[in-house]
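Hi everyone, thanks for coming. Let me put the structure up, and then I'll walk you through the sheet, the helices and the core.

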Amino acid sequence: MSDASLWTALADPHRRAIVGLLLERPRPVGEIVEACGLSQPSTSKHLRVLRDAGLVRVRQDAQRRVYALDPAPIAELDAWLTPYRELWNRSLDRLGQRLDETSEDDTAHLTPKD
C-alpha cells in the first residue's frame, strides 16, 4: 500500500461510505450494493480500489465474497495525523482561551458599579 493509493481510495465519497459500512462489521458485496445504492459493477470497482489500497480484505464464503476493513492502513493514517491533531488542539485551546477572555471583558462592563 502506498500513501498515494490510500489517499486516492479515501478521496471518493462512495468509497468512504463503504469504509463506514465495513467499520460496523464485515459485509458481503450484496449488502454493500444495497446499502450504498450503487450498481453491483460500480460497487465492485470501488471495492477493488479499496482492496488495492490495502484498506479492505476479502474472503470467499461459499458463493459470496465478504469484505472487511484491514485496520493496519487506518492505524498508519492515524499515526500520520497525530501531529496535525495536536496542532488543531493547541489552536482550539488558544481560541477557547481568547473567547473566555472576551466573554469576561464583555461581562465586566455590564456589572453595576457601586
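Let's begin with the sheet: it is open, built of 3 strands in the order 1-3-2, with antiparallel pairing. Strands here are DSSP E runs of at least two residues and helices are H or I runs of at least four, both numbered from the N terminus; two strands pair if DSSP finds at least two bridges between them. Strand 1 (27-28) and strand 2 (56-61) are the edges, each with a single partner strand, so one side of each has no neighbour in the sheet.

A quick word on the source: this is a predicted model, where local features need pLDDT of at least 70 and side-chain atom pairs count only at pLDDT 80 or more, while totals for chains, interfaces and linings use all residues. Residues are numbered from 1 along each chain as its sequence is written, and side-chain values use heavy atoms, leaving out hydrogens and water.

Back to the strands. Strand 2 and strand 3 are antiparallel and joined by 6 bridges, with D61 opposite R64 in strand 3. They form a hairpin with 2 residues between them, and A62 in that turn has a positive phi of about 60°.

H14, R15, I18 and V19 of helix 2 make the contact with H46, L47, V49 and L50 of helix 4, contact being heavy atoms within 4.5 Å.

Finally, the largest nonpolar core has 17 residues, and L22, L50, L55, V56 and Y67 touch the most other members. Such a core is a set of buried Ala, Val, Leu, Ile, Met, Phe, Trp, Tyr and Cys residues joined through side-chain atoms within 4.5 Å, buried being under 20% relative accessible area with a 1.4 Å probe, protein chains only.

Notes: Buried means under 20% relative accessible area, exposed over 50%, partly exposed in between (1.4 Å probe, protein chains only).
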